[in-house]
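Trainee: Could you walk me through reading helix packing and ring contacts in a model?

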Amino acid sequence: MKVLITGGSGFIGSHIAERFHNEGNEVFVVDNLSTGKRENIPFIDDAHFYQENVQNHELLTDLVKTHQFEYIFHLAAMVSVVETVEKPVESNGDNIDSTIHLLEATRQHNTNLKKFFFASSAAIYGDLPDLPKSVEDSNVNPLSPYAVQKFAGEQYTKIYHTLYGLPTVALRFFNVYGPRQNPESDYSGVLSIINQKFLNKAPFTFFGDGKQTRDFIYIKDLLQAIWIVIEDDSTNGKVFNAGTGKQTDLITVFNAFSDYFGYEIPYSFTDARAGDIKHSYSDVSPLKDLGFRPEYDIMKGIAAYLKYNQK
Ligand SMILES: NC(=O)c1ccc[n+]([C@@H]2O[C@H](COP(=O)([O-])OP(=O)(O)OC[C@H]3O[C@@H](n4cnc5c(N)ncnc54)[C@H](O)[C@@H]3O)[C@@H](O)[C@H]2O)c1
């Protein structure tokens, strides 16, 4: 089976690539390595790796025409909210233009498709107070170019099913964590930053009171969610939340690291960042109806993450 993954050398894309590869499939990756790393996917040979921008529409169209992929995963994106605020036009190209061009190339030329998958984000919900966030019942309120672009991408993905019958699906990722997450990127996730601080025995600063909550989902649970939606025809044209449905505050996360490492590091509190959302967690009942059973609570997930890093 042939699979195309844009953003396949990033954190999440590399795990998808690894699973398909391990299951004996032929995996192609397009990634400009802006935030990803070639060494995340050593199992992909150079003949299957294209260090290119997803805005190279000609290349992507050629790949789609030539290989007739069964699965296409579109994960490449300008992932930093801050960067999209600084570069609204460029990020629109990376995050929206690339999506519609890839959908269109797939519609026109790919006759073999089982699923086109789009990586959306919980950022689209913005700061509205209702909880948990539900795809059916919550309003969206994008507060950055990134969030606008993710919403546009998932909605294009959706209407390519309703208008043209393309088998598509999108997941709104909540806070994904696990091995290969880049601790240096500004929105890489607070867990990898706390991990770095513990490794270096460096002080950690909480923005705000540390009681802000997030729905942290371990990469293996995310993969479970992805595989459920890509293998089920009833998900075509739909959008799902991908979280665990549980709220965890940052102090609890910090203490879990402290327990695991067996020592404390200095910490302090500073002002909350402007625009930071205080609480967020997902309603994942539609995914659970399809069989989704997250296996990693925050303690188990952090332990698995740290164990992998030690290796
Ligand atoms: N990690 C999370 O918690 C999270 C949450 C919500 C949504 N997402 C979405 O999931 C997807 C994967 O995120 P990730 O956490 O693995 O981030 P990542 O930065 O590790 O992966 C993104 C990959 O896309 C590549 N890329 C970026 N712009 C590109 C371009 N113009 N052309 C080609 N390649 C490009 C990067 O080099 C990188 O390998 C992204 O679309 C992101 O917006 C992630």
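Mentor: Let's take a helix pair, then the rings.

Mentor: This is a predicted model, where local features need pLDDT of at least 70, side-chain atom pairs count only at pLDDT 80 or more, and totals for chains, interfaces and linings use all residues. Residues are numbered from 1 along each chain as its sequence is written, and side-chain values use heavy atoms, with hydrogens and water left out.

Trainee: How do I read two packed helices?

Mentor: Two packed helices are described by the angle between their axes and the distance between the axes. Here helix α1 (residues 11-22) and helix α7 (residues 219-230) have axes that come within 11 Å and cross at roughly 60°. Axes are lines fitted to C-alpha atoms over the stretch in contact, with angles from 0 to 180 degrees between N-to-C directions. Helices are DSSP runs of H or I, at least four residues, and strands are runs of E, at least two, numbered from the N terminus.

Trainee: Which residues in α1 meet α7?

Mentor: F11, I12, H15, I16, R19 and F20 do, against I219, L222, L223, I226, W227 and I230 in α7. Contact means heavy atoms within 4.5 Å.

Trainee: And what about the rings of F20 and Y71?

Mentor: Rings of Phe, Tyr and Trp (its six-membered ring) pair if their centres lie within 6.5 Å; planes under 30 degrees apart are stacked, over 60 edge-to-face, the rest tilted. The whole structure has 27 aromatic pairs. F20 and Y71 have ring centres 5.7 Å apart and planes at 40°, so this pair is tilted. F20 lies in helix α1 and Y71 in strand β4 (residues 71-74), so the pair ties together parts 51 residues apart in sequence.
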